[in-house]
Each structure stands twice: as structure tokens, then as C-alpha cells.
Protein chains: 4
Amino acid sequence: MDCFISDRWLSADDLKGGLPLRTMSTSAVVYEVLRTYNSLPFSLKRHYQRLKLSAGLFGMTVSVSYSQLVKLVSEGIDRNREKIQSREMRIRINLFEETEGVSSLILIFQELPEISRDIYELGVRVGISPHIRPSAAIVNPVIKTPGLPWNVLTRRILGENYEMIMLNELGNIAEGSFSTLFLVKDEALITPDIKSGVLPGITRQIVIKLARSMEIPIEERNVKSWELFAAEEAFLTHTSAGIVPIRRILDHVLIEDFTDGLTRLLLDNFEGFIMSDEECWTGVDQ
Amino acid sequence: MDCFISDRWLSADDLKGGLPLRTMSTSAVVYEVLRTYNSLPFSLKRHYQRLKLSAGLFGMTVSVSYSQLVKLVSEGIDRNREKIQSREMRIRINLFEETEGVSSLILIFQELPEISRDIYELGVRVGISPHIRPSAAIVNPVIKTPGLPWNVLTRRILGENYEMIMLNELGNIAEGSFSTLFLVKDEALITPDIKSGVLPGITRQIVIKLARSMEIPIEERNVKSWELFAAEEAFLTHTSAGIVPIRRILDHVLIEDFTDGLTRLLLDNFEGFIMSDEECWTGVDQ
Amino acid sequence: MDCFISDRWLSADDLKGGLPLRTMSTSAVVYEVLRTYNSLPFSLKRHYQRLKLSAGLFGMTVSVSYSQLVKLVSEGIDRNREKIQSREMRIRINLFEETEGVSSLILIFQELPEISRDIYELGVRVGISPHIRPSAAIVNPVIKTPGLPWNVLTRRILGENYEMIMLNELGNIAEGSFSTLFLVKDEALITPDIKSGVLPGITRQIVIKLARSMEIPIEERNVKSWELFAAEEAFLTHTSAGIVPIRRILDHVLIEDFTDGLTRLLLDNFEGFIMSDEECWTGVDQ
Amino acid sequence: MDCFISDRWLSADDLKGGLPLRTMSTSAVVYEVLRTYNSLPFSLKRHYQRLKLSAGLFGMTVSVSYSQLVKLVSEGIDRNREKIQSREMRIRINLFEETEGVSSLILIFQELPEISRDIYELGVRVGISPHIRPSAAIVNPVIKTPGLPWNVLTRRILGENYEMIMLNELGNIAEGSFSTLFLVKDEALITPDIKSGVLPGITRQIVIKLARSMEIPIEERNVKSWELFAAEEAFLTHTSAGIVPIRRILDHVLIEDFTDGLTRLLLDNFEGFIMSDEECWTGVDQ
């Protein structure tokens, strides 16, 4: 696949100019991962804004405007579309400091890994990570930087789990290693607040917006770890797969049947909602 | 300067083959930074061992044996010696996961930034970072991975400070953003223990060894932040500069005169000690 | 000096029969509560030892020897036996500092509140307290002093719950407001360790001893709050009622049927065990 | 039932003049300690309000109205005035639960211990307590109940220190075992906020009011333990002695000369301020 590196397009197979060496001797890298729906970059504007926020906290500036990024991303999708079988892509935007005060962009295009329909029908198994995800009192959760130890350590031990939930240093639920968590209890949604140590995930935001549009009550608050087991339903949200129902937590079967309930209702409405939500496609020609 | 990337030597100016793309889409990177004394790699064995430890925690294996690494590093020093004015170099070893389970090595050689003799005679100013360095109860401090947010955030705001000391979530002293801290009180050394959230620094270890050889009592324990101000002397240790005396903490002058005291004693003995300490040169032809 | 007590003025000198005034102006009070079985004081030796430990931490000495205490307690039981219908009593031992360095003892005898047999057959409901019980890192859990805020605050809101479980500041299970907790999972017992912020309860210790005698594996460790919900069985232990099975946690039914399982096994063996265990009756004439 | 109290057996019914027995078997006690100036009860209204607040948190109601309390306190002062040499008294108000839902009051009058003028001229020495005072995230600091372990444990080890400062579980300054702390830095006052785990002390409130009236800037915030050592001046406040300057923290001399500075300014204005501040004498005939 072709990548955009600093100022030009390169083929991954034939990476003549190489990645700037500085990317390996600097520490400050922030990134975003987005996906396409119908070959259009989903929620690119929100990713751009979050990238700017992360970058700002690390003292970097994003060197391209939003409309320049739209153009680059669209060109990347066009360049690579032929090369993949599936129609959808995953796009990684890396921003790193090339020299003091000068930031560079790398766009990497990959085929979106195929997602089994089963996970939506049967739900997935999640574990509980032994690794702590510090709360916002310790580490600003807005910073999306690669290699955060708790994420790397948790992903290594997923085993047969689709995801593992990390608790923060107070024993409250934070997030998964690549996803955020929602619980259903008494016909309301509950999700850990950002203070708990949760990346303000784009899909998380959209699910909250969807729930509000459906007049489903939603609580963003600190969530004790036991509430996961006392919930009636639970699901994960992440960019690649959207809403993923949870069937089991460890060997505790939370729910057997997803034909009913709030998770199903949200799942059934998710794709329709994002397709028609203008904020998800700002600046992108549909 | 020439770098070693995965399996070959490349010139930084002419990086034809490029850094493997995967280094920018993977999260798991561990690294070491060492320096030379008299163009010999200092404490390479200890760095190798720590790299293996870090790598193991992240599920990677170091693909080269120690003697292979000695050879690569020595070759790199030889290749690059001519290109730099100063005789000493800083060598960065990056280990990243190329594909699942396969790790690759990147060696980057740079000129060691010149260190002003003044810092040893006059001492430096340190600040206290507003960013928290989590203790070992939250994040394993052995993992040396680039981009840990507290380090990036602290380095950004150093200003006129040589370094800023980070406290952990319990308010105890952890470490600096690139150095560790020692206090002198009642003719003994005090340094935060690893549990406090301190990278087991190589220079830190050597100073402890040096102090023991001089029969200076040393306490590794949790250290309250106020002890920094109540200390008689204080110094930093880090790879590039060795032992760096602290003159001021914020606007509090800790010590004016470094002609006397334990810091001076350790400074005066440091270079002699490391030159004659066999462990510092294991496997390296002196 | 004259004092106002409840509804009248009294001279401190004239306070003949009364409780020493100092008990109301001093802060240091430690206490024990024990019960009788067959009108004999149960585990009096253990309570005496714990009282000494608590007292020592508060800088007080217990002014009576163990054999003197046995005599006092036995006399109190004899004096009061006629006055109560039920045969069993609850005995409260208060130790307070009368003047600097001089401690005094108060023994209060009360009828043991009747315990419904139902709780052993049907199990009880427990809640989760919103009040935090600090771990041993913050407050030494060995100190048994009246009026610890978390206990008072939790007891006020029991409502329909038999007990409420308090979590510590790390979100781990500590103890109830008057009891300790055991979980059953995979045919083993799990109970929070003392470090979690658990009074080293006498009944807790006896249940551990009983379990060991029955070769039931037992883990004393930190216990995440979710483990309460993931347990197969759970029970409380406290002086008055011994082992109390838990049926429900909030509205989550943990277990419906107590005719089987480890809780039943322990319940069936508890009274026989304590009756024949010599340590429970040290120095007491049976 | 008969009870054993200190050295004799008493019938509970027969416990005529004495303190209600229940005070020794209940846990819920809240209290206030105030002093007189010119034989008038100082800030009685504020103490009454805080008592009500504490009582409310413990589920008790204060059975007397404020005007009834003024009458009782005034009567007690009159009754006891002749008996003491010094003109000033310390008055302790204990509120305890006599039976479920019924609270009783005990007023204890004592001579105010003589305060050496030296402490105001020379300042006092304070230590740092090894015992943790939990922050408001763990224990509500408004509850003024006797026997809080951190206070008892700290008071036991004062030694040559006038007071010892307790840190909270985050390593921030909370308060002393009977006083609160103020720092002076850059011509402003700094004092730990209530969230840090500070009893909202009456003298603390008055000093804040005094400072505001003198247009001295004041920061209520979390205060790192090192700030104590980096301060220019520091003082304690507590009921008996008002404002008490700190000369030394451990063996660190903070300030030698109190003839100048904010502490002296506040000291010189304190008594005049409280004498003329109407809120300090609400409902009391001056």
C-alpha cells in the first residue's frame, strides 16, 4: 500500500526515501486510527481535532489544515483502493516531531481486518486486565500516544478474550486496551467518565450521541469494577468494529441472548445513525 | 552518521532502504541509550541485560546475543568516529516488533552533546514537575519505552531548569525526566527505591556500587518530597553526564559550595571507579 | 468543676458511681466485644491479646492480667445470669486512659440479641457501602477503637441489608461495618488480607483455622470488588452470629440454596469445632 | 445489668450521678472544644453549627437550640469561675446517642491550660507525623469525632514538638493533630483546602476572614509537603492558642525572627479582630 510520509507518497514495498530517522530517536509521537465506511473516511474531523489536542499537549503543532488532511486521506484511499479486496480501510495518522518544533505526518493505509458477523450476534468474551490504566489524576487520558505500557501489556495477554478491561488505580473501570466500555442497567447506559482514565473515544462519543437521540438515559461517572458483573448488558465500542456486545466476562455469562435489549437497539441503529449524521462526514464528499 | 537497521548499515543521509514501516504502526518499542568513554561503549552489558528485561515484559525477544551486540556497537563506533569532532558518542538501541514475535534492532549513533564543566563545579538548578510519574504499583518502572507521557510532558517545560523532579501518585519522589536523584543527609546517601517509580538506571546502580565501595551508607527507600528541601546536598545521575550536583531547587538554594561534601567525593572518584570497574566493560576490548 | 450531663449539673468530685469523666474528654479508647457460648466467655484469650495490641498502639497498657480478666468476666456472667432470659451474653470490654499513662477498664454485660435461625438457612442480603474503609497503608487495621467514621456512617444506612461491605481506597474489598467477608470460588476460600484494611477478627481467624483443619484451601489476598459478584458463595463472620451466609448482594442473587457447598460445610462444623478447640477456652473453666 | 467500672461493680439502674452507660457502648460521639476570652464563650455559634453538621453526618440531632446552649454554657462558666485561678476556660461539648435516635449532651468545663507567651515571640518546633490523615476522598473531614486513630497516634509521639503535621495519602499536607497549618510565600497565605483532609477549623476560618479584611491574598488548595520547607513563614492555628508561629520544622530552621512578616502582622491583629468581630459573639452578652 502507498503511504504518505512527511511530504510525499511512497510504496510500502519500495520505501526508497525511508522513514525519517528521527521517528526512532524521538519520543513524542501522537496518532489516530480511523476507518472508512463505503470508502469514505469516518469521523475524520473528530480525529483531526483530537490529534490537535494530543499534539498540543505534547507541544507539537499539526502542520496540515483539516481540508489538506481530507485531501491527503482521500488521495490515499484512491491510490490504495485497487490493492485490497475488502472495500474498507484502516488509516493510521502518525504525528511526530521531526526537529525541535517541526512536526511531520505519516499516513499509513491498511486493509480493515475482516470482522466476523458473529461478534454482533453472539457477543464476545472479555477479561479483566491485571495491568492498571492510570486515572486522569495521574495521566491525561486525552494523549493518544503509541506504546502506553498498560495497553501493550494488556494486548499481549488477551488470549481467547476479545478484549480485557483495565481498572484504574482506585479500582474503578477505565477502558479496554483498544476499546471503551458501556454497561446497561435499569434501562440506562453507564460508561466511565474521562476522569476515570478513558480516552475520549470517537465511537464512544457517537454512541453517547446516538443514545441521546434515542432518549436513552446515559450516566458518565466513575464505575466500580463490580458494576460490570451486576450489569444487565455490556458492550464495547471501538473504531474498527463499532458496537460489540459482551457475552461473557471471564467465566461469568452476562447475557445469552442479544435479540432484545438496549445493546441490540443501539446496534440496529448504529450504522444508520452514522451514515446520516453530518458531523461524521464534515468536509468529506459523500 | 551510519545506523544499523534490522540487518544492514545505512547512512542517515542516504537512508535508501528506509526504516521498516512497522515501526510506525506498532506500539511496542523498548530502547537503551548508552555513551562511550574513550570511544568504548560504557556498561554495554548492563544495558543489554536491561533491554532484555524490558523486551521480555513487552513480549519481545532480543534477536542478537551480547557478543553480537558488542560487535555491532564497536563497528558503529569505528564507522562513525571520523565524522564527529568530539571523541565521545551517544548510542541509542531501539528494539521493536517487526512482525508478530519477530523483533528488530536499530542502532543510532550520535555525537555526545558537549557537557559544560560548569555543571560539575557550580551545580545545576532543578524544578519540580507538575506531572506525576506513577509508582511501581501502577506501572512497572523497568520498562524503558519511548514516549512515556510524564517524561515527554516534563521535558517540554524544563525551561531554565536542567531537570525537573517528578513525584509519584503518593507524593513521594520518583525520578527526573532523564535522570535519577540522590540526596545527602547525615553523611548518608538516600535515593528513591525502584518501587517509588524509578527506572533502575545504570548510572544510579554504579553510584550505589561506588558508594558501597567507599563505605558510604546508602538508603533505598520511599522519599517524601519535603526531604529534597531538607537535604544537605543532592545530585542527579544520568548516562550522558554521570553525577550532576544540584545547586538550587526552584528558588531554594540547597548548597553554594561544592568543594566539600559527599557529592564532591563521589564526583572526584566516579571516573576513576568506572574506568577500573570490570563490570562496566564486560566483553569490550579496552 | 461542675459538668452538665444530659439533663442536670453535676460536680466532677461528686460523680461517685458514675463513669469516669475522663472517658468523655479523652480520645483514646480501645475495646473488644465477645460473646458467651453455654455461659462461658468465648475466645477470651484472643480478645485479651488483641486488646493489648490495640492498647499498645494507642500507648495504653492493660492494667489487668489475663487471669484477673477471666475472673472479672466470670463474676460478671454470674452476677447477671439471673437477669436475662436468654442464656447467652455479649460482653464489651472498654479500655480508656484515665489519666496520662493510667488506663482503666469498663466491662459491660448485655443480653446477646436473639439471632434468627433463618439467616443460617436462607442467607442474608448485603449491600456495598459508599464509605471507604482505608487500607493498612493509611490506617492500622489492628486498632479497634469506637467511632471509626466509616463504621458509624455505614451502620446508619444498612436499611434492609444485614451488612454493607466497604471497599478500600484502591477499590478492593475490605470488610463489613461489624463483620468480615469470605468468598467461595473453585472450592477454595478467599478472604481479604489484613493489608486490605481488615480488622483481624477473632471469628475470621477461627474460620481460617477451621478451614485448614478441613483441608479447604484458603487465600488471604487483596480481593477486587467484582470478585464478590463472581463468587460461587459468600459469607460473613462476626462474633455474635458466627458464620452468616450471603444470599444476595444488592439485587444480585448470589445463591439460592444453602443445603450444599462450602458455606454449609463450614456452618455445620463451626459450633462443634469451637467447642472442642482448646484455644477458644484458654484459662476458662469449662 | 451490673457493670465493672474501673474498680467496682455497679448496677446500671443504680448508676445515679454517672455518665450514661450507653456512652461507653455506643460509637457515635461528636464534639466541639471552645475557649473563653474574658470569660465569654468564643465563636460559640460557629461551634454550634459545626456540631450540628458533624451530628447530622452521624445521624444524630442536637437536642438543644442555640439559645439554650448559650444559656447552658453561660451557666457553666458562672458556676465554675470561682474554682479556677486563670480567668479563661476550655469547654468541651460532647454529643452522643443515648438511645436510637435520641442524642444527649455533655458539657465539660476545664481551666484553659496556661499558654507561654514565648510561643508567640519565638515560635514553636513542629515535626512531620508518620501517620496519614486521609483526604476528603476517603473520610469526610467535617466529622469531629474523638479517637480518630491518626490524631491519637500522632499526639502520642509529639515529643519535643509542639505539633506534628500529618500528610494525606497523596503526600499533600493535611493538618496537625489539633491544629491547622498556614504557610506564607510571596506575601500571600497558603493553606490546605478542606479536600486535603482538613477539619474546617474555627480559628482557621477566622484567620482567613482576618486576612481577607487586611487584603492579604490567600490560597486554599492542595499543598505539597515540600512547600512547608520552601515557605518563608508558617504558623499553626488552634482554639486554645489562636495563631502560633513556627520556628523550626524538624531540624530545619524556617525563620529566626518574628518581629516582621505576615505572621507577626496577623498575630498583632488577631485579638483585636476577634474582639470586634460580631460573628464571634453571636447571641452572647458581651
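In chain B, strand E11, helix H6 (residues 202-213) and strand E12 form a right-handed β-α-β unit; right-handed here means that, with the strands pointing away from the viewer, the path from the first strand over the helix to the second runs clockwise. Helices (H or I, at least four residues) and strands (E, at least two) are DSSP runs, numbered from the N terminus. This is a predicted model, so local features need pLDDT of at least 70 and side-chain atom pairs count only at pLDDT 80 or more, while totals for chains, interfaces and linings use all residues. Residues are numbered from 1 along each chain as its sequence is written, with chains lettered from A and ligands numbered from 1 in the order in which they are written.

**The strand pair in chain B**
- E11 (residues 188-192) and E12 (residues 218-221) of chain B run parallel and are joined by 4 bridges; strands pair if DSSP finds at least two bridges between them.
- B:Pro192 sits opposite B:Arg221 of E12(B).

**Chain A on its own**
- Chain A has 8 helices and 15 strands.
- Of its 286 residues, 48% count as buried, meaning 20 or more other C-beta atoms (placed from the backbone) lie within 10 Å of a residue's own; exposed is 12 or fewer, and partly exposed is in between.
- Take the contacts in chain A with a separation of 6 or more: 69% of them are between residues 24 or more positions apart. A contact means C-beta atoms, placed from the backbone, within 7 Å.

**The core**
- The largest nonpolar core has 284 residues, and A:Leu95, C:Leu95 and D:Leu95 have the most contacts inside it. Such a core is a set of buried Ala, Val, Leu, Ile, Met, Phe, Trp, Tyr and Cys residues joined through C-beta atoms within 7 Å.
- Leaving out residues up to four places away in sequence, D:Leu95 touches residues including D:Val29, D:Tyr31, D:Met60 and D:Leu105.

**How the chains meet**
- There are 4 pairs of chains in contact, and C and D share the most contacts.
- Chains B and C don't touch, with their nearest C-alpha atoms 11 Å apart.
- Chains A and D have no contact either; their closest C-alpha atoms also lie 11 Å apart.
- Chain A and chain C each put 14 residues into the contact, and helix H7 (residues 226-230) gives the most on the chain A side, with 4 residues.

Methods. Contact = placed C-beta atoms within 7 Å.
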